[in-house]
Amino acid sequence: MKKVMMGNHAVSWGVKLARTEVIAAYPITPQTQVVEALSEMCSSGELAARFIKVESEHSAMAACIGASATGARAFTATSSQGLALMHEVLHWAGGGRLPIVMANVNRALAPAWNVWTDQNDSLSQRDTGWIQLYCESNQEVLDTTIQAFKLAEAVDLPVMVVLDAFYLSHTSEPVDIPDQEAVDAFLPRRVARVKMDVNDPRSFGALATPAVYMEMRLRQQEAMELARVTYDEIVEEWGGMFGRRNGAIESYHAEGAEILLVTSGTITSTSRHVVNELRARGEKVGLVKVKMFRPFPTEALRVALAGVPHVAVLDRNISPGHGGIFAEEIRSALYDLAPERRPRVHGYIVGLGGRDVTPAVIEDCLARTRAAAGAGNTPEREDLWVGVKS
Amino acid sequence: MRELRIHGRGGQGAVVASKILAAALFRESRSVQSFPAFGVERRGAPVAAFLRVSDTPILLRCEVTAPDDLIVLDPTLIVAVDVTQGLKPGGMILINSERAPETYPKLTDRFHVITVDAGGIAMRHGLGSRTQPIVNTAILGAFARCSGLVSLDSICAAIQEEVPGRAAQNVAAAREAAEAVAASEVAQPAGLASRYSRVEVKHA
């Protein structure tokens, strides 16, 4: 069944179809509609989940941790300051290997107060041990929310489904809602490998001395590495059932490209429009979309980008004192390529705090890349800020 | 692709209007995208909503800055904000107003102005209060008739799907507003052909 819906409600539908058992949440713009719709589904009985109202985002994640530890399928949603407040317990979910799913609507961090989109909120949680998946359309949001539970439970790691504030969260567009029976076949009830059970007592969150701590971290890292392979399998299975495949990365008109854009989130969609227009004029431009940020799809990106002369990375985020976060990760991933196969990586900072990233902004990034390439210049050491007022 | 901007005041239903229109166009198998102006809305303050419609998948995910058409839910907005900002020359402006299009000479110069008393129609169908009639469904009926973009039947079906209460009254208001604009003389700007061919749509 197809229905016109907002990105926020695409999350709610995904959570409903996944037969989530516990939802704990605290409202924050621009996420609130996600849990608002879920609370209505719980009160009407459409969704047989326990909805726990809490006093903060820190408590929301703590409640999800408790629920997940007992073997329940648990979900929360947040944005920006709310995610920042969760920081400590995000590590508990990641290190505790709890397959919680969270939707984060990308919103810029204060100060100054801003409710509009950028990726600094989720990217500043990079090292908490959460898988991160960035979405491009409301359809991808719904599909990814369901897939996220399957991935989380397969590798015992929490998954963050990330969507742009307003450009997805509040934008209405047609979304194909899968049948419940098909989703049930794809995502059976959770069977926890380890859980809190009064009949099988275990210790959770105990002290780990230097004699064992490091091995726990290694297991976590191995689970992240496994998640790359597992996600590819999940995408393939989903594609076979529903005909839609949105993998960890996607190449678009990359064949013979002299410049490849690298994008994430909704900038990808607008960039497809730009690439279509430029290709129609005979320009050798394409794009690579990065959906999975953790685990980083290092090998897949090496394959997709090797041999391309120039790569232009569009970052809707900034690591102050360094640069665009995707650009830095991509430079690092490509460093070991043979010099003649290694692309020049041009980094651009765009769209912070919800500033509009229009086709003109994307074309500006491409023009700068083309000019640097034409002059034989190495890319700027500092990422360039595009679309800022002089 | 055709792009539309809807101006209203917080509480008048501009955002809901954009969603109903999106649902109506979706019923006609068009690609569609609608969204509110990304801001911090308050009741009574000027708000805007946007819609894109196309026969091919819509890839743009940025704001609408040069709309083809406007819908204005509150005529006082014409002096309060620059409603025509970015509007393409010859674009259509559909205004909820008791006045004739000619009484907006600054707009009829450059644009194709159509008025409909959606407030009065809403009141007759018991939608909202005298000080704050709910005009969004009525004006969509008028839009269906004068834009040729979508059928009145699709608008009415979308209203039934999207509006939580008083669906019958909202549908009746949409139909009455469609009749009202069909009956009125449509003012064309002198020497300026409309950007759009007016598609004749058969209404049940």
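Mentor: Two strands pair if DSSP finds at least two bridges between them. A strand is a DSSP run of E of at least two residues, a helix is a run of H or I of at least four, and both are numbered from the N terminus. The model here is predicted: local features need pLDDT of at least 70, side-chain atom pairs count only at pLDDT 80 or more, and totals for chains, interfaces and linings use all residues. Residues are numbered from 1 along each chain as its sequence is written, while chains are lettered from A and ligands numbered from 1 in the order in which they are written.

Trainee: Which strand is joined to β2(B), and by how many bridges?

Mentor: The partner is β3 (46-54) of chain B; the two strands run antiparallel and six bridges join them. Within that pairing, B:Val32 stands opposite B:Val53 of β3(B).

Trainee: Is β2(B) mostly covered or mostly open?

Mentor: Count neighbours first. A residue is buried if 20 or more other C-beta atoms, placed from the backbone, lie within 10 Å of its own, exposed if 12 or fewer, and partly exposed in between. In β2(B), five of the six residues are buried, so the strand is mostly covered. For chain B as a whole, 52% of its 204 residues count as buried.

Trainee: What is the secondary structure of chain B?

Mentor: Chain B has seven helices and six strands. Along the sequence they follow the pattern β-α-β-β-β-α-β-α-β-α-α-α-α.

Trainee: How many residues of chain B are in contact with chain A?

Mentor: Contact means that the C-beta atoms of two residues, placed from the backbone, lie within 7 Å. By that rule 16 residues of chain B are in contact with 19 residues of chain A. On the chain B side, α1 (14-27) and β2 (31-36) each supply at least two residues, and β2(B) gives the most, with five. For the make-up of that side, Ala, Val, Leu, Ile, Met, Phe, Trp, Tyr, Cys and Pro count as nonpolar, Asp, Glu, Lys and Arg as charged, and the others, Gly among them, as polar. The chain B side then divides into 11 nonpolar, two polar and three charged residues.

Trainee: Which domains make up chain A?

Mentor: Domain bounds come from an automatic or database domain assignment. Chain A is divided into domain 1 (2-242) and domain 2 (249-385), with C-alpha centres 28 Å apart. In all, 27 residues of domain 1 are in contact with 20 residues of domain 2 of chain A. The elements giving two or more residues to the domain 1 side are α6 (120-123), β6 (131-134) and α9 (213-242) of chain A. The largest share, five residues, comes from α9(A). That side of domain 1 divides into 14 nonpolar, seven polar and six charged residues.

Trainee: Which residues of the largest nonpolar core touch the most other members?

Mentor: A nonpolar core is a set of buried Ala, Val, Leu, Ile, Met, Phe, Trp, Tyr and Cys residues joined through C-beta atoms within 7 Å. The largest has 186 residues, and those touching the most other members are A:Val159, A:Val161, B:Leu94, B:Ile139, B:Ala142, B:Ala174 and B:Ala177. The most residues come from α1(B), which gives 11. Both domains of chain A give residues to this core, so it lies between them. As for B:Leu94, leaving aside neighbours within four places in sequence, its contacts include B:Ile71, B:Val116 and B:Phe143.

Trainee: In what order do the six strands of the open sheet in chain A lie?

Mentor: The order is β9-β11-β10-β13-β14-β15, with mixed pairing. The edge strands, each pairing on one side only, are β9 (249-252) and β15 of chain A. Two bridges join β14 (344-349) to β15 in chain A, and these strands run parallel. A:Tyr348 stands opposite A:Leu384 of β15(A).

Trainee: At about how many degrees to β11(A) does helix α10 of chain A run?

Mentor: Axes are lines fitted to C-alpha atoms, for helices over the stretch in contact, and angles run from 0 to 180 degrees between N-to-C directions. Helix α10 (267-280) of chain A runs at about 165 degrees to β11(A), lying across β9, β10, β11 and β13 of that chain.

Trainee: Is A:Val155 buried or exposed?

Mentor: A:Val155, in helix α7 (138-155) of chain A, is buried because 23 other C-beta atoms lie within 10 Å. By contrast, A:Lys389, in the segment after β15 of chain A, has 4 such atoms and is exposed.
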